[in-house]
Amino acid sequence: MSIRPRASGYPLGWRGRVALLSWSACLIAGFGVAWSIEPDPRGFGTHERLGFPPCTFQTMFDLPCPSCGMTTSFSNFVRGRVVRAASANLAGFLLAAACAMQIPWAWWSVYRGRLWMVSRPGQAMLWLLTVICAIALSQWLVRVLTSSE
């Protein structure tokens, strides 16, 4: 009698596999855009090089918003400038790292037909987003408090 180990991870049908492959393609495209723009040396404002206007929140309130520096962080991340990426926006750096890890994870999951090391995808996504949002808000509060001194 042979005992096979139970397969772990949330099972994927063909739609789930297509969704993961599409998601990884979007991530790769996003990193491509980040590579195509030179990060702003101020540590924020890189998004303006894509044709977007300056941060509305910062313009209206003369304070950085919680996501200020995210595009700069991604642009530095793809260039391997880890310290600059983290100092531009720590949550952006962590989000970029999480996105980079998702690409091989998605491919491996598609190959296996199951989400690798994830049995509850909704709960895993909630934890990841909660941690990154908490870091973004914490960093923002520190920036606001230190800029008013």
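**Exercise 1.** What does the accessible surface of the protein chain come to, and what percentage of that surface belongs to carbon and sulfur atoms?

*Solution.* The model is predicted. The accessible surface is about 9,800 Å². Carbon and sulfur atoms account for 69% of that surface.

**Exercise 2.** Describe the secondary structure and the overall dimensions of the protein chain.

*Solution.* Begin with the elements: the protein chain has 6 helices and 0 strands. Read from the N terminus, their order is α-α-α-α-α-α. Next, take the extent: the C-alpha trace spans about 70 × 30 × 25 Å along its principal axes. Then compare the radius of gyration with the globule rule. For a compact globule of 149 residues a value near 15 Å would apply, but the protein chain has 19 Å.

**Exercise 3.** What share of the residues is buried, and what share of the contacts with a separation of 6 or more comes from residues 24 or more positions apart?

*Solution.* Count a residue as buried when its relative accessible area is under 20%. On that basis, 32% of the 149 residues are buried. For the contacts with a separation of 6 or more, 63% join residues 24 or more positions apart.

**Exercise 4.** Work out the surroundings of helix 3.

*Solution.* Helix 3 covers residues 70–78. Its buried residues include Met70, Thr72, Ser73, Phe74, Ser75 and Asn76. The buried residues of helix 3 pack against helix 1 (14–36), helix 4 (82–88) and helix 5 (90–112). After helix 3 comes Gly80, with a positive phi near 80°.

**Exercise 5.** How many positive and negative side chains are there, and how far apart are the centres of the two sets?

*Solution.* The protein chain has 13 positive and 5 negative side chains. The two centres lie 27 Å apart.

Conventions
Residues numbered from 1 in each chain as written. Heavy atoms only, no water. Helix = DSSP H or I, 4+ residues; strand = E, 2+ residues; numbered from the N terminus. Rg over C-alpha atoms; globule rule 2.2 N^0.38 Å. Buried < 20%, exposed > 50% of the residue type's maximum accessible area, 1.4 Å probe, protein only. Contact = heavy atoms within 4.5 Å. Areas by Shrake-Rupley, 256 points an atom, 1.4 Å probe, with all protein chains shown as cover. Lys, Arg positive; Asp, Glu negative; His and termini not counted. Charge placed at Lys NZ, Arg CZ, Asp CG, Glu CD.
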